[in-house]
Amino acid sequence: MHTAERLKKIPPYLFVTLRNKINEARRQGVDVIDLGVGDPVNPTPDAVIDALAESARDPQNHRYPTDEEWGMLSFREAVARWYKRRHDVDLDPKGEIIALIGSKEGCHHFALGVVNPGDLVLVTDPGYPGYKPSIWFAGGEPYPVPMKPENAYLPNLAEIPSDIARKASAFYLNYPNNPTGAVATPTFLSELVEFAKSNGIAICYDNPYSELVFGVEPLSFLKAEGAKEVGVELNSLSKTFNMTGWRIGMASGNRDIIGAIAKVKSNTDSGVFNAIQYAGIAALDTCDGFTAKMLEIYGRRRETVLATLRELGWTYDPPKGTFYLWIPVPNGYNSAEFCALLFEKCAVVAAPGAAYGQNGEGFVRFSLTITEDRLEEAMRRMRTNLQRFAFD
Ligand SMILES: Cc1ncc(COP(=O)(O)O)c(C=O)c1O
């Protein structure tokens, strides 16, 4: 059977490749520790599970979701309350918010709603591996915008060639950033709004790690003046409330873009199961304390890894956001080679930086989403099986 030409451009999804490798090694009896994927092992809060169980018993919720592609008004109102409380952002639940089946779905449907075939679309490099395929599916062409450590992993907007900026129809960004852990600043967000305005660019600000910050305030793109004129923010309950498997998130901001996403969704899926939206309301309304507790846990896990890295020769400052560490590889290795060394000597899986774009080369990403005892075991193996490394 033939398959579509467009799929030929799209490499296998990074974490599917890693998962296959891990499963194969486990079948052969290797005790693999996975620091690759960012998928919290800690459970979803009880209040959320209780809300799901109760709502799942109501036959009203067994039908197609209420307001289908938009999500239930009560869910959208909970999103508005959450944005007001957490970010001091005002949103109209009728037109400025739509429920998503996770932020990844939003990335995809943003492209289908905004990008025309042949359009250039700016995307940070390194960047989340989901963006480029979404752009290709819409017929657009990604244009990589470098994020460099010397600019705190923020794109230098002034260095984007002006003909490219004028031609581009959209820009995907994400802070707190996967993979680097960098955070944005209010000044950068204001510059981004100005850049988007003067070049007619629609912003897709993907913010699923908004609450996972260390020593700085959570920041929403929508807080920047004029943000709603130029873009939308995607957010998600996946990382904030340990709900990756539940598939629920939201897009908020510019009415035209939200309307475009709604049109795509109404012709593609039929929305999020009502019972999951009720559970989402419980998360958004009652679980701020849970997020604070998870931040303490991630803080302790960071210390566990940092202690081992120091012992092995790294001098490394952890980033201010996310549950990832973006670690420079030692002299003599590229990111794939260093991941291979970790796998061979320690049965530890890390994500190679090069898989996030050419500017990701020279780094590997560790995810801190496994249990403390497994993380400690991974670090013990590294201390035992690797020697001290040299760095430039
Ligand atoms: C930057 C970024 N965007 C989107 C997603 C997808 O999140 P969700 O589970 O909400 O689809 C992830 C998941 O790792 C991510 O890192």
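Reader: Why is alanine 152 called partly exposed?

Author: The model is predicted: local features need pLDDT of at least 70, side-chain atom pairs count only at pLDDT 80 or more, and totals for chains, interfaces and linings use all residues. Residues are numbered from 1 along each chain as its sequence is written, and side-chain values use heavy atoms, without hydrogens and water. Buried means under 20% relative accessible area, exposed means over 50%, and partly exposed is in between, with a 1.4 Å probe and protein chains only. Alanine 152 has 43% relative accessibility, so it counts as partly exposed.

Reader: Where is alanine 152 placed?

Author: Alanine 152 is in the loop between strand S4 (141-146) and helix H6 (162-167). Helices (H or I, at least four residues) and strands (E, at least two) are DSSP runs, numbered from the N terminus.

Reader: What is the phi of alanine 152?

Author: Alanine 152 has a positive phi of about 55°, and it is not a glycine. Most residues other than glycine have a negative phi. Aspartate 88 also has a positive phi of about 55° and is not a glycine. Aspartate 88 lies in the loop between helix H3 (73-87) and strand S2 (97-100). Its relative accessibility is 43%, so aspartate 88 counts as partly exposed.

Reader: Where is proline 176?

Author: Proline 176 is in the loop between S5 and H7. Threonine 180 lies between strand S5 (168-173) and helix H7 (186-199), again in the loop.

Reader: Is threonine 180 buried or exposed?

Author: Threonine 180 has a relative accessible area of 3%, so it is buried.

Reader: What does the side chain of threonine 180 reach?

Author: The side chain of threonine 180 reaches the backbone nitrogen of alanine 182 at 3.2 Å. A polar contact of 2.7 Å also joins the side chains of threonine 180 and asparagine 177. A polar contact is a pair of N or O atoms within 3.5 Å; within protein, one must be able to donate a hydrogen and the other to accept it, and residues adjacent in sequence count only if both atoms are side-chain atoms.

Reader: How many residues surround the ligand?

Author: 14 residues surround the ligand, and the closest are Asn178, Asp206, Tyr209, Ser236 and Ser238. A residue is near a molecule if one of its heavy atoms lies within 4 Å of it.

Reader: How do the residues of the shell divide?

Author: Four are nonpolar, six polar and four charged. Ala, Val, Leu, Ile, Met, Phe, Trp, Tyr, Cys and Pro count as nonpolar, Asp, Glu, Lys and Arg as charged, and the others, Gly among them, as polar.

Reader: Which atom of asparagine 178 lies 2.7 Å from an oxygen atom of the ligand?

Author: A polar side-chain atom of asparagine 178 lies there. Arginine 247 also has a polar side-chain atom 2.7 Å from a ligand oxygen. For serine 236, a side-chain N or O atom is 2.6 Å from an oxygen atom of the ligand.

Reader: How much of the ligand does the protein bury?

Author: Taken alone the ligand exposes 400 Å², and the protein buries 92% of that. Accessible areas come from the Shrake-Rupley method with a 1.4 Å probe; for residues, only the protein chains shown count as cover.

Reader: Is glutamate 233 buried or exposed?

Author: Glutamate 233 has a relative accessible area of 0%, so it is buried. Its place is in strand S7 (residues 231-236).

Reader: What makes valine 305 count as buried?

Author: Valine 305 has 0% relative accessibility, so it counts as buried. Valine 305 lies in helix H11 (residues 288-311). Its C-alpha atom is 8.0 Å from that of glutamate 376, 71 residues apart along the chain.
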